[in-house]
Amino acid sequence: MSRDSRASLNALRTILDDRAEAERYGGDDLAHFGPLWRQVKSAADAPFPVADLRSIAERVFALAEMTERLPVGASEVVAIDGRSLELPPRCRDRNWLVATALPRMLYRAGFTSRIIPSLVPLPKFMPPSPAALTGFLAKEIGQISAAGLRELSAIEHDVAKLTNLGATQRSRLPLLGRLLIAYPGLQASSVSKLLSVTPQGARKLLAALPTTPAAQRRLRAE
């Protein structure tokens, strides 16, 4: 990571420190670290015989079946006349658990260079077959990839413009530009705290920095 990128990351972490938040909310996450989660995670990390979307779809169905299995023992109920009835326990919806494993499978199959937790291109209800899910995954990943490439191109264009600001080496303009690309719409009060400048200085910096097209698009989307 470059010095400029590290400076931007440190500044962003004064707003929200991802490490502290992960430790605060994930330390005692029993659902995440429970026995069933470990089984699903282990199955998701297993090598694929063929690294394609069909293999991923088939494993999704296998994991769904794994999470839907009922325990051997059922709930026994004794009626008032002495008859014994066995009622199977209520099956719980654990599709969310399968969804959390999909980013791992996409990574293990070579579709991504790292695990992307938000990359969960699954429908709300499971399709009828692995073949149908394969088509759905291909369509969703294609749309997500195209949108990501458009956004990346816009960000790279905006970052390139930061090198043509004519700012001095000690100027805060480039750092402010990177902050605005990541968090469009920052107000002078926030800029003042992030860059350790006076509110008046923050307003001058904001006025000197042209609004980037990517920031304008994000503001319109919000």
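Colleague: Where do Lys-41 and Asp-45 sit relative to one another in helix H4?
Modeller: They are 4 residues apart in helix H4, which runs over residues 35-45, so about one helical turn separates them. Keep in mind that this is a predicted model.

Colleague: Why does one turn matter for two side chains?
Modeller: An α-helix has 3.6 residues a turn, so residues three or four places apart point the same way.

Colleague: And what do the side chains of Lys-41 and Asp-45 do?
Modeller: They meet in a salt bridge, at 3.6 Å from N to O.

Colleague: Is Lys-41 buried, exposed or partly exposed?
Modeller: Lys-41 counts as partly exposed, at 30% relative accessibility. Asp-45 is partly exposed too, with a relative accessible area of 21%.

Colleague: Why does the Arg-108 pair tie together separate parts of the chain?
Modeller: Because Asp-45 lies in helix H4 and Arg-108 in helix H6, the pair joins parts that are 63 residues apart in sequence. Arg-108 is partly exposed, with a relative accessible area of 39%.

Colleague: Which residues end up in one network?
Modeller: Lys-41, Asp-45, Arg-104 and Arg-108, joined by salt bridges that share partners.

Colleague: How many salt bridges are there in the whole structure?
Modeller: The search finds 4.

Colleague: Switching to rings. How many aromatic pairs are there?
Modeller: The count comes to 0. There is a charge over a ring, though: the charged end of Arg-59 sits over the ring of Phe-48, 3.8 Å from its centre.

Colleague: Is Arg-59 among the buried or the exposed residues of H5?
Modeller: Arg-59 is buried. Other buried residues of H5 include Leu-53, Ser-55, Ile-56, Val-60 and Leu-63.

Colleague: What covers the buried residues of H5?
Modeller: The cover includes H4, H6 and H7.

Colleague: How far apart are the end C-alpha atoms of H5?
Modeller: They are 23 Å apart. The 16 residues of H5 should span 22 Å at 1.5 Å a residue, so the two values agree.

Colleague: What about H7, how far does that helix reach?
Modeller: H7 covers residues 130-162, and its 33 residues reach 47 Å from first C-alpha to last. That is close to the 48 Å expected. Its buried residues include Leu-133, Thr-134, Leu-137 and Ile-141.

Colleague: Which residues does Leu-53 contact, beyond its sequence neighbours?
Modeller: Leaving aside neighbours within four places, Leu-53 is in contact with Phe-111, Thr-134, Leu-137, Ala-138 and Ile-141. Leu-53 and Thr-134 are 81 residues apart in sequence, yet their C-alpha atoms are 5.7 Å apart in space.

Colleague: Why does Leu-53 count as buried?
Modeller: Because its relative accessible area is 15%, and buried means under 20%.

Colleague: Now the largest nonpolar core. Which of its residues touch the most other members?
Modeller: Out of 24 residues, those are Ile-56, Val-60, Leu-63, Leu-102, Met-105, Leu-122 and Leu-137. The elements giving two or more residues to this core are H4, H5, H6 and H7.

Colleague: What does Met-105 touch?
Modeller: Not counting residues up to four places away in sequence, Met-105 touches Ala-44, Phe-48, Ile-56, Arg-59, Val-60 and Leu-63.

Colleague: How many residues are in the other core?
Modeller: That core has 17 residues, among them Leu-12, Leu-179, Val-191 and Leu-209. It lies apart from the largest one.

Colleague: Last topic, the backbone. What is phi of Ser-196?
Modeller: It is near 55°, a positive value in a residue other than glycine. Most residues other than glycine have a negative phi.

Colleague: Where is Ser-196 found?
Modeller: Ser-196 is in the loop between helix H9 (188-195) and helix H10 (199-208). At 62% relative accessibility, Ser-196 counts as exposed.

Terms used:
Residues are numbered from 1 along each chain as its sequence is written. This is a predicted model: local features need pLDDT of at least 70, side-chain atom pairs count only at pLDDT 80 or more; totals for chains, interfaces and linings use all residues. Side-chain values use heavy atoms; hydrogens and water are left out. Buried means under 20% relative accessible area, exposed over 50%, partly exposed in between (1.4 Å probe, protein chains only). Contact means heavy atoms within 4.5 Å. The expected span of a helix is 1.5 Å times one less than its number of residues. Rings of Phe, Tyr and Trp (its six-membered ring) pair if their centres lie within 6.5 Å; planes under 30 degrees apart count as stacked, over 60 as edge-to-face and the rest as tilted. A charge sits over a ring if NZ of Lys or CZ of Arg is within 6 Å of the ring centre and within 35 degrees of the ring normal. A nonpolar core is a set of buried Ala, Val, Leu, Ile, Met, Phe, Trp, Tyr and Cys residues joined through side-chain atoms within 4.5 Å.
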